[in-house]
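Please open the structure in the viewer and keep the sequence at hand.

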Amino acid sequence: MHEWLVAITDGTVLVIDTMVLVVIATGTIQAFVQGLRVMLLPSATGHERRNVWLHYARWLVAGLTFQLAADILETSLAPSWDELVRLATVALIRTLLNFFLERDLSEVRRRQFKPVDRKSISE
């Protein structure tokens, strides 16, 4: 029974790791292409550049979330100290990235919906 669980878990971890590779590679390629476009356009604003990096951060958080799931599965059968440290590290990085991403997104939303001061525009 234990061998059966190990085989299924190993296969599932491999599938999830492949998904992580696809997610992070896709996000990286997309960020690279959009980043080049935004950097090369003379009319690009700082807001547009920031949106590219915020979007990329979402891809990375998604990849780290899947990686965390794979690590949890892998660690659940026979956790060693190395595996537990790796799991804790990925969880910490994901949590910090998610915190800062949410903070940045809240700041962008606040700026987008901030009432425009008509008086300062006309001056």
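Is Val108 buried or exposed? The model is a predicted one, and in it Val108 has a relative accessible area of 7%. Val108 is therefore buried, since that value is under the 20% cut-off.

Select helix α3, residues 81-112, to see the element in which Val108 is placed. Next, display the surroundings of Val108: leaving aside residues up to four places away in sequence, Val108 touches His47, Arg50, Asn51 and Leu54. Among these contacts is Asn51; Asn51 and Val108 are separated by 57 residues in sequence, yet their C-alpha atoms are 8.7 Å apart in space.

Now turn to the aromatic rings. How many aromatic pairs does a search of the whole structure find? The search finds two.

Colouring by accessibility shows Trp53 at 45%, so Trp53 counts as partly exposed.

Finally, select Phe99 and Phe100. This aromatic pair is likewise edge-to-face, with 5.1 Å from centre to centre and 75° between the planes. Within the pair, Phe100 has a relative accessible area of 37% and is therefore partly exposed.

Conventions. Residues numbered from 1 in each chain as written. Predicted model: local features only at pLDDT ≥ 70, side-chain atom pairs only at ≥ 80, totals over all residues. Heavy atoms only, no water. Helix = DSSP H or I, 4+ residues; strand = E, 2+ residues; numbered from the N terminus. Buried < 20%, exposed > 50% of the residue type's maximum accessible area, 1.4 Å probe, protein only. Contact = heavy atoms within 4.5 Å. Phe/Tyr/Trp six-rings, centres within 6.5 Å; stacked < 30°, edge-to-face > 60°.
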